[in-house]
Amino acid sequence: MRYPTQKIAYWYFTAAMLLFALQVVFGLLAGTVYAVPNFLAEILPFNILRMIHTNALIVWLLLGFFGSAYYLIPEEAERDIESPLLAYVQLAILMVGAVAAVVGYAFGIHGGREFLEQPTWVKVGIVVAALIFLYNVSMTVLRGRRTAVTNVLLLGLWGVALFFLFAFYNPTNLALDKMYWWYVVHIWVEGVWELVMAAILAFVVIKLSGVDREVVEKWLYAIVGLALFSGLLGTGHHYYWIGAPGYWQWVGSIFSALEVFPFFAMIIFAFTMVWKGRRDHPNKAALLWTLGTPVMAFFGAGVWGFMHTLAPVNFYSHGTQITAAHGHLAFFGAYVMLILAIITYAMPHLRRSQPYNQVLNMWSFWIMTSAMAFMTFTLTFAGVVQTHLQRVLGMFYMEVQEQLVIFYWMRLGSGAFVVLSALLFLYSIYGPARQQVPRHMRSAADTTPAQ
C-alpha cells in the first residue's frame, strides 16, 4: 500500500462485508418461506425479509464501490484522498441510514416502492453522503494524475448519484411512476454501474497482469461505449407492459439484445490481458475472482437476460421465476464477484501482509459460484414450468406454486451453500495473516501501522 489514506478502504470493505453477511442470511430466510410458506410469518413476513435482502445487497455493493474508489484513486491519481475525515463522516452517515432503514423495515416502516423503500430522510442522508464522496474523489483526481480508469470511474459514480435523484419523484400516475422508477433501478445496474464495474476491473487487471496501461485503456473505452450505447435505451425492455407507447417494444427488444456484447467484450478483455501479461502474480485468489467476474456476468446479465428480453417472449415470461434466475446470477456475476475480487486483492495490502488464506478463498469462490449456478438453473426450470402452466394453460397462481415446491427446496439448498461460502470468504479475508510484508519491501509512503 503506497498511500496512507488507502486505509479508508479497509473500513468501507468491512462495513460492506457485514451487510453482505446480513444479505445472504436474509436471502436464506426468504428462500425458506418459498419452501415452507408459514415460516416466520408472524415475526418477519416475507415482504420484510425480501426487502432487507434486496436493500442490503444494494447498500453493500455501493459501499464496495466507495471502498474501491478510496483504494484505487490514490494509486491512479498519485496522491492521497483529499479529506480522510469527510470519508469517515460519509461512512458514518451511510451506516446510520442503513441500520435505521433495516430496523424500520422490521417494524413495517418503509416507502413501499421496491428497492426504493427507504424513508425520505434516509434518501436525503444518502444524497448528502454521495455529495461528500463526489467532492472527495473528484478533488483528489482533479489535483492529481488523471487516467482512463479514474475518468470512467468518476463518470459512473456521478451517474449513480444523479440518477438516484429520481427516487424522490413519485408521481400518482402508476405508468409514469414506473418509467422514472426504472431510471434508478435499471440505469443504475445496466448503465452507470457497468462503468464503475469496467473501471474497477481494469484497475485490478492492470495490477494482476502487469500489462501495458495503454492497451487496457483502449479496451476500457470500447467496453464503456458498448455499455452506454446498449444499456440506456435497453431500459425500454421494462416499458413493455406498463402503459408506455408501443414503440418501446421495438426499442427495448433491439437494444436489450445488444447488452450481451459489452459483457462478452469484458471476457475477451480480462483473459487477453492476463494472457498477454504472463505475470505470475502471488495473489492467485484475486486473479480467480477477477477472471470469474466477466464470465459469470456474461451468463447472468447477458445470456440469461437475453433469454427473456425480447417482447414476444417477455409477454409470457415477465415476472416469473425466470426473472429471478436472471436477477440472481446477473447481480452475482457483475457486481458481487467484482467487489469480492478487489477485496481479495486489496486486503493483503491493507493488512500489510503477503496474500494469505488463498486456498480457503478459492474454495469459497468455487462453492459460491457453483451454488449460484445451481440456483440459477433451478429457478430457470421453475420459471419455464410456471410460464407454461400459468401463462399458457391459464392455471391459477397458487395452483402453479404447488407444482414448483421441489424447485424451491433445491433453491433453498443452494442458498445454504452460498451462506457457507460467504462465511468461508469472510474468514479467509479477516482470519489469521501470519506472513507480514518484510519492512524493506514496503514503500516509503507506507509507514502506517497494520490494521
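Good morning, colleagues. The model before you is predicted: local features need pLDDT of at least 70, side-chain atom pairs count only at pLDDT 80 or more, and totals for chains, interfaces and linings use all residues. Residues are numbered from 1 along each chain as its sequence is written, and side-chain values use heavy atoms, without hydrogens and water.

I begin with two helices. The axes of H3 (residues 84-106) and H4 (residues 120-142) cross at roughly 160° and come within 9 Å. H3 and H4 are therefore roughly antiparallel. Their contact (heavy atoms within 4.5 Å) involves, among others, Leu 86, Val 89, Ile 93 and Gly 97 of H3, and Trp 121, Gly 125, Val 128 and Phe 133 of H4.

I turn now to aromatic rings. Rings of Phe, Tyr and Trp (its six-membered ring) pair if their centres lie within 6.5 Å; planes under 30 degrees apart count as stacked, over 60 as edge-to-face and the rest as tilted. By this rule there are 39 aromatic pairs. In one of them, the ring centres of Tyr 239 and Trp 248 lie 4.9 Å apart with planes at 90°, so the pair is edge-to-face. Tyr 239 is buried (under 20% relative accessible area; exposed is over 50%, partly exposed in between, with a 1.4 Å probe and protein chains only), at 2%. Trp 248 is also buried, at 15%. Elsewhere, ring pairs join Phe 65, Phe 164, Phe 168, Trp 188, Trp 193, Phe 331 and Tyr 335 into a cluster.

Technical notes:
Axes fitted to C-alpha atoms, helices over the stretch in contact; angles between N-to-C directions. Helix = DSSP H or I, 4+ residues; strand = E, 2+ residues; numbered from the N terminus. Parallel < 35°, antiparallel > 145°, perpendicular 65-115°, else oblique.
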